[in-house]
Amino acid sequence: SFPPHSLGNTSCLTVRLLPYYNRKNPLKSQRYFRSAPAGNPSSRVWTLHDFQEVSPLKQILCLSTEPWSRRPGRTQQLVTRLHDAQILYFYPSQNLRPPKRQRVKVRPNVAVYALPAMLLPLEERHGALFRWQQRRLGQFIAQQAARHRFREPLLWTTRPDHIHLLDQLSYSGLVYDCDREWDGLPPRWEGALAQAADVVFAASPLLADRLSPCSANIALVPNGLNCPLFSPDTPRPDPLPGVRGPVIGWAGTIREGLDLAPLLYAALEQPDWTFLLLGRRRGRNPLLSRLSKLPNVLIPGACLPSEVPKWLYGCDVLVELLQEDRPDDLISPRLYEYLATGKPVVSMLWPDQVEPFPDVVYGAHTAQDFLHLCRHALEEAPGFSRRRLDHAAAASWPLRAGEVERILTTAGLFGAGIGI
């Protein structure tokens, strides 16, 4: 505050208060400033409403394909690791009933919203109904952004159909993060979104090549790994204390399109080995029932992310299987977790697929190759474990997010925003 006589007859006055940073809740950190209009400032009564509130945090409006989870996916891993960012995270509703709490504050700088449920899976050919549904989603996102005083944030998109929301949202920069092939959606949607984006991130070289006709600003950002979770120095109990003989392990989601044939063949040929399938089930896999009847196959079901390392460390060989809806060259986060244990890894490959880590991963094309390489991996010479750990360390999510932040900063998209 200043006494009126101290302002003199200045025609233009700039007032700046020292920034206040709240460590417990960064969203309450504020800076105030305003340039007064020409005239006699001494006759003006100054209140907080005369100042514009500016947050030191960068603002990100994130449209994700998956809910906020204790098993964080790619979007959650990348966006939340960006420094000094205030994030509104939106995800598709999982049911028609509205959630009890519309907003969930998962971190001091992250608020999570479930989008309004879509009553019907409308397509573009439905015309007015389709446009009404997209307008409803866009209005909801815009209302929450205004509530948090977001002004011109960075808009982070992850699905081709987010193209229909762009005209309804205010943003200063647009990012499209592509981590899969969207065969069920019209290609022109993804082409338009990539063309409109200031930066496109692709999770694999094939995805980058597919989008290259639509954008000249494509950066390759593969999937990553939460390295501290797999630290070899952490003591872990043996999850299979009564098991004798080699343990061949796989971890992930058992989907309908997961090719379990190599595992079934190996389990029938090697009854003295134990085969582990760790993870939840989604859909009906045609070979899972046959595997579950074999005495040397264990299917313990889903477990907490913090428990996955002890299961992987309890195996002698870890295996990667083919998934129908995954691009040939897309490296799954689970493969990086395998490498982080230092254990031998055998991976099934598509016919024309290039091996992702030929120096540390055994690549098989048939069930017979798979079994042969598992036997070879059990007799692996020492020295390969260190190489696998180095590959895993280079793929940590903090390093991936740091690369994303560097690219966004270079492109001028990651600057301080306005709002609280």
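Visitor: What percentage of contacts between residues at least 6 apart in sequence join residues at least 24 apart?

Guide: Contact means heavy atoms within 4.5 Å. In this chain, 65% of the contacts between residues at least 6 apart in sequence join residues at least 24 apart. The model is predicted: local features need pLDDT of at least 70, side-chain atom pairs count only at pLDDT 80 or more, and totals for chains, interfaces and linings use all residues. Residues are numbered from 1 along each chain as its sequence is written, and side-chain values use heavy atoms, with hydrogens and water left out.

Visitor: How many helices and strands does the chain have?

Guide: Helices (H or I, at least four residues) and strands (E, at least two) are DSSP runs, numbered from the N terminus. The chain has 11 helices and 19 strands.

Visitor: Why does Ala117 count as buried?

Guide: Buried means under 20% relative accessible area, exposed over 50%, and partly exposed in between (1.4 Å probe, protein chains only). Ala117 counts as buried because its relative accessibility is 11%. Ala117 belongs to the loop between strand S7 (110–114) and helix H2 (128–147). Its C-alpha atom is separated by 9.6 Å from that of Gln133, 16 residues apart along the chain. Of the 420 residues in the chain, 47% are buried.

Visitor: At what angle do the axes of H5 and H9 cross?

Guide: Axes are lines fitted to C-alpha atoms, for helices over the stretch in contact, and angles run from 0 to 180 degrees between N-to-C directions. The axes of H5 (residues 261–269) and H9 (residues 367–378) cross at roughly 55° and come within 9 Å. H5 is therefore oblique to H9; angles under 35 degrees count as roughly parallel, over 145 as roughly antiparallel, 65 to 115 as roughly perpendicular and the rest as oblique. Pro262, Leu263, Tyr265, Ala266 and Glu269 of H5 make the contact with Ala367, Gln368, Phe370 and Leu371 of H9.

Visitor: Which residues of H8 and H10 meet?

Guide: Tyr336, Leu339, Ala340 and Thr341 in H8 meet Arg388, Leu389, His391 and Ala392 in H10. These residues divide into five nonpolar, two polar and one charged. Here Ala, Val, Leu, Ile, Met, Phe, Trp, Tyr, Cys and Pro count as nonpolar, Asp, Glu, Lys and Arg as charged, and the others, Gly among them, as polar. The axes of H8 (residues 333–341) and H10 (residues 384–394) come within 7 Å and cross at roughly 135°, which means that H8 is oblique to H10.
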